[in-house]
Structure formats: structure tokens, C-alpha cells
Amino acid sequence: MIGILKGNVGNKDRDFFAMYNLNKLSKTDTPCCLFCDYIDPNFVLPVDINILQRNHIFNFDGITITDDLMISQDFLYATYNHKRFLYLYHLEWPYINGLHFSHLKKVLFNDSIDLIARSETHATLIEQLFKKPKYIMPEWDYNILREIDNNE
Amino acid sequence: MRIIIPNLAIPTLHNVARCLESIKNNCGIEPLLWDCTQKSLIDMFDETHPDIIFLHSSQLDAAFSLVSQEFNFKYILIADQPMPVPKNPAAVLTSPSSTKNWKDNIPVVVATDGSRIAEIHSASYDSTMASDILIQTNGGQITNDMFNYISFLTSSYHTKVIGETPVAFHQYLGKVNIFERATFIKSTRILIDFYGTECWDAAYLKVPAICRKKAADNFWEFNNIKELEVRIDALLHNEQKRSKYIEECYETVYNGNTQYHVAANLFQCINENNIAQTLHSFVKELQV
């Protein structure tokens with residue numbers, strides 16, 4: 001089972017593509033759910049999957065994926081998860097205020113957290129800076145989500 | 001002998017403190033950091049009875065006049081220009097540009113750059129931090145000139161950028177502590193030094209550095225992208241040139257360009273020859 005971890009879901013590109021593909025995934029035999037704090041009432045897509053509060057991630061024993069570098073700090077303590085993936089959707093770390101290398105190191109070099117890149121170009125950069133991404137998933141492609149569920 | 005160092009944001013003071021800490025058992029000194037935001041000068045004197053104290057010009061107030069009458073101590077003044085003082089300093093520690101402000105009757109020591117050995121000595125290679133090019137942004141604003149160089153380097157080589165000033169490149173990995181900084185330097189193949197201050201540490205760790213500003217005769221500099229490219233390629237692909245350059249820079253560091261040498265000069269000036277000698281011996285023992 002795949003659980004997607006997010007903070008607030010709103011009309012942002014990565015939330016749009018995530019929800020679009022999760023809705024498609026829900027129509028396959030791969031079970032999935034969303035852990036989040038809040039969904040914007042004006043969000044443009046319907047949400048056809050199960051939604052749980054974010055803190056339930058700590059009791060979840062499936063495969064967890066987040067695309068939020070800040071929220072990925074929670075990952076460190078979500079040890080009950082079967083597998084943890086950080087999807088570096090936007091290469092956003094240079095824009096984090098007061099960024100300290102130790103924050104990146106804790107998550108991105110963590111042996112129990114695997115990385116997912118959005119494209120080959122991203123993957124090359126991520127491998128040079130951190131470690132080799134295990135999967136390349138263009139815009140939350142639900143076929144790759146299914147592949148992850150089958151492989152892991 | 002008790003030596004008090006105020007915990008002010010002055011790099012030279014921290015460097016002196018680190019050097020003294022590493023030799024304290026060899027020459028019977030007791031270096032203490034004084035948190036001057038928490039404890040007043042008078043309380044500090046009452047509690048510690050210092051033999052030597054470092055004081056910034058802003059700390060020479062009425063309380064200082066009082067303690068200079070009641071206690072017997074030497075002090076090293078950190079200042080850029082002369083000022084009326086109730087007790088003459090044993091020496092003055094000043095910046096290179098302010099040396100000319102001082103007259104001959106007070107020993108003046110210039111706070112020069114040098115390898116901060118006490119911070120970096122135990123650095124080791126770490127494959128997760130490895131790079132071909134390392135850039136540090138600790139020296140303040142990113143100028144347009146610097147931005148262009150970083151842009152070239154990040155697009156042409158396996159580059160990592162670390163430091164206090166953020167730059168909008170994906171290769172920027174944030175601020176680092178002294179241990180991470182040392183490991184990053186040790187794990188890179190070439191350090192690009194835009195401020196002329198980081199090359200000393202790289203040279204000590206036997207990592208070649210190329211400087212934007214001249215630091216010493218032996219260090220390679222660059223004035224344009226073409227020149228930088230030629231020098232980088234030489235260091236990445238010509239092993240003989242690389243080894244020779246590394247050895248030359250390492251020798252330059254050992255010939256008086258470490259913070260131990262700066263601290264030793266300071267203590268020599270105030271006739272504390274035993275401490276100066278111990279600092280010299282200590283740094284000599286570290287030489288590989």
C-alpha cells in the first residue's frame with residue numbers, strides 16, 4: 001500500500017499532479033491513501049482516495065512517499081513505515097531560509113530513506129550531490145507508483 | 001597562568017583560544033573564554049584573577065579603569081586606532097589595514113590569515129561529501145563577478161557550494177559547522193577561494209586551492225574564466241603538476257602561515273616566550 005505524505009494540499013503543480021495520478025491509481029489494484037494537514041476547499045480536482053491526518057503516518061506500515069523536503073524531517077521518526085521515499089519534485093533546498101547542511105544530511109544521506117527524481121537531469125544532479133535516486137517518476141506518474149508498490 | 005579571552009565575534013580571538021587550548025597542558029596555562037554578555041568585567045576579574053586578558057577597544061570603560069588599579073595583569077588590546085587608556089596594553093592586535101595608525105612604542109601584531117589547524121587537523125575524506133570543485137561563501141555578499149564564476153563552475157564541473165551566504169544554485173548545500181567544513185575541504189579535488197582566506201586550510205589539508213584574490217606568492221590565482229578553466233584542468237588532469245603545487249602550498253603554510261604562528265607572534269611580543277615556543281613546537285610536531 002502506498003501512502004503519500006503532504007502538508008497542505010493546494011493548487012500547486014506538484015499537488016495537482018499528485019492528486020491527478022492518485023485518483024488514477026485508486027482505480028487500479030494498488031491501494032493508496034493520503035496523509036495531510038489540510039486540503040484547500042478551492043482545490044481544482046476531486047479527491048477520490050482515503051485521507052488521513054498527517055500524524056497517522058507514524059502508525060502506517062506501507063510505503064510512504066513525500067515530496068516535501070521540510071516534512072521529510074518527520075520521516076526520520078516514521079520508522080514503522082515499510083519503506084520511505086523522498087520525491088525531490090522541486091530542487092528547492094537552496095531557497096530554504098537558514099539552510100544548514102546537517103538538515104539535508106539527516107534525510108538525504110539516510111540509508112533507510114530512498115530518493116525519487118522527477119527526470120534524468122534531476123537524477124544526475126541528485127546523484128552528484130546526495131545519492132543515486134532509486135526511481136525516476138515524471139510528475140507523480142501513477143505507473144511508477146504501481147511499479148514501486150510491486151517492487152518494494 | 002590564566003589567560004582570559006572574551007567570547008566576541010572576532011575570528012582571531014577564537015583562533016587564539018583554540019591554539020591555547022591545544023597546548024594548555026604543555027606549558028601550564030589555563031585559557032578561559034569569558035562570556036562578556038553574561039558576566040561583567042569586574043566580576044570576571046574578581047573570580048578569575050587573570051594574568052593575561054584580551055580586550056576589545058569597546059571594553060575599556062570605567063570598570064576597566066577600576067580593575068587596572070586593583071589587579072596586576074597584562075592585556076592585549078584589539079583596536080584599529082590609538083585611544084586614551086588608563087593602562088598601556090602589552091601589545092595591540094589589529095587588522096592589516098590599521099597597522100599604520102600605531103606608533104613604535106607599542107608592539108603591534110597584525111591579525112593575518114592563516115591555516116586554522118586546530119579546526120581542521122582531524123579532517124578525513126568522506127565520499128558523500130566528495131566533489132571536484134568546492135566553493136565556500138563565508139566572506140559576505142555574492143558579487144556579480146563571483147556569481148558568474150559560480151555559474152560557470154556549477155555548469156562545467158562536479159561542484160558543491162557551502163557557506164553562510166546562500167546562492168541560488170542547486171549545488172548550494174547550506175551552512176556547515178567547522179567539522180563539516182573540514183570534511184568538505186578534505187573531500188574535494190580543488191577548492192576555489194574567492195576571499196583569499198580559505199586557501200590556507202586547503203593547503204594544510206593538501207588540497208589544491210585557486211584564489212580570486214592573491215593570498216601568497218605560491219598560490220595560483222585567476223582573473224577570468226579562461227584562466228580559471230586552464231588552472232582547474234591542470235589540477236584535475238596533470239597529476240605531476242598537482243602534486244608539486246600541493247607540496248609548495250603546504251610548505252608555504254608551514255613557513256609561518258598558521259594561526260599558531262599568529263598566536264606565537266602575539267605572545268612573543270608580550271614576552272611570554274615559553275608560550276610562544278610551545279606554540280611553535282606544537283605546530284612543528286604536526287608537520288607530516
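Me: Into which domains is chain B divided?

Reply: Chain B splits into domain 1 (2-114 + 258-286) and domain 2 (118-254); such bounds come from an automatic or database domain assignment. This is a predicted model, where local features need pLDDT of at least 70, side-chain atom pairs count only at pLDDT 80 or more, and totals for chains, interfaces and linings use all residues. Residues are numbered from 1 along each chain as its sequence is written, while chains are lettered from A and ligands numbered from 1 in the order in which they are written.

Me: How many residues does each domain of chain B give to the contact?

Reply: Two residues are in contact if their C-beta atoms, placed from the backbone, lie within 7 Å. Here domain 1 of chain B gives eight residues and domain 2 of chain B gives seven. Taken over C-alpha atoms, the centres of these two domains are 31 Å apart.

Me: How do I read the packing of two helices, and what is the angle between α2 and α3 of chain B?

Reply: Packed helices are described by the angle between their axes and the distance between the axes. Axes are lines fitted to C-alpha atoms, for helices over the stretch in contact, and angles run from 0 to 180 degrees between N-to-C directions. Helices are DSSP runs (H or I, at least four residues), numbered from the N terminus. In chain B, α2 (residues 41-48) and α3 (residues 62-70) pack at about 25 degrees, with axes 9 Å apart. α2(B) and α3(B) are therefore roughly parallel (angles under 35 degrees). B:Leu41, B:Ile42 and B:Phe45 of α2(B) meet B:Ala63, B:Phe64, B:Leu66 and B:Val67 of α3(B).

How values were computed. Parallel < 35°, antiparallel > 145°, perpendicular 65-115°, else oblique.
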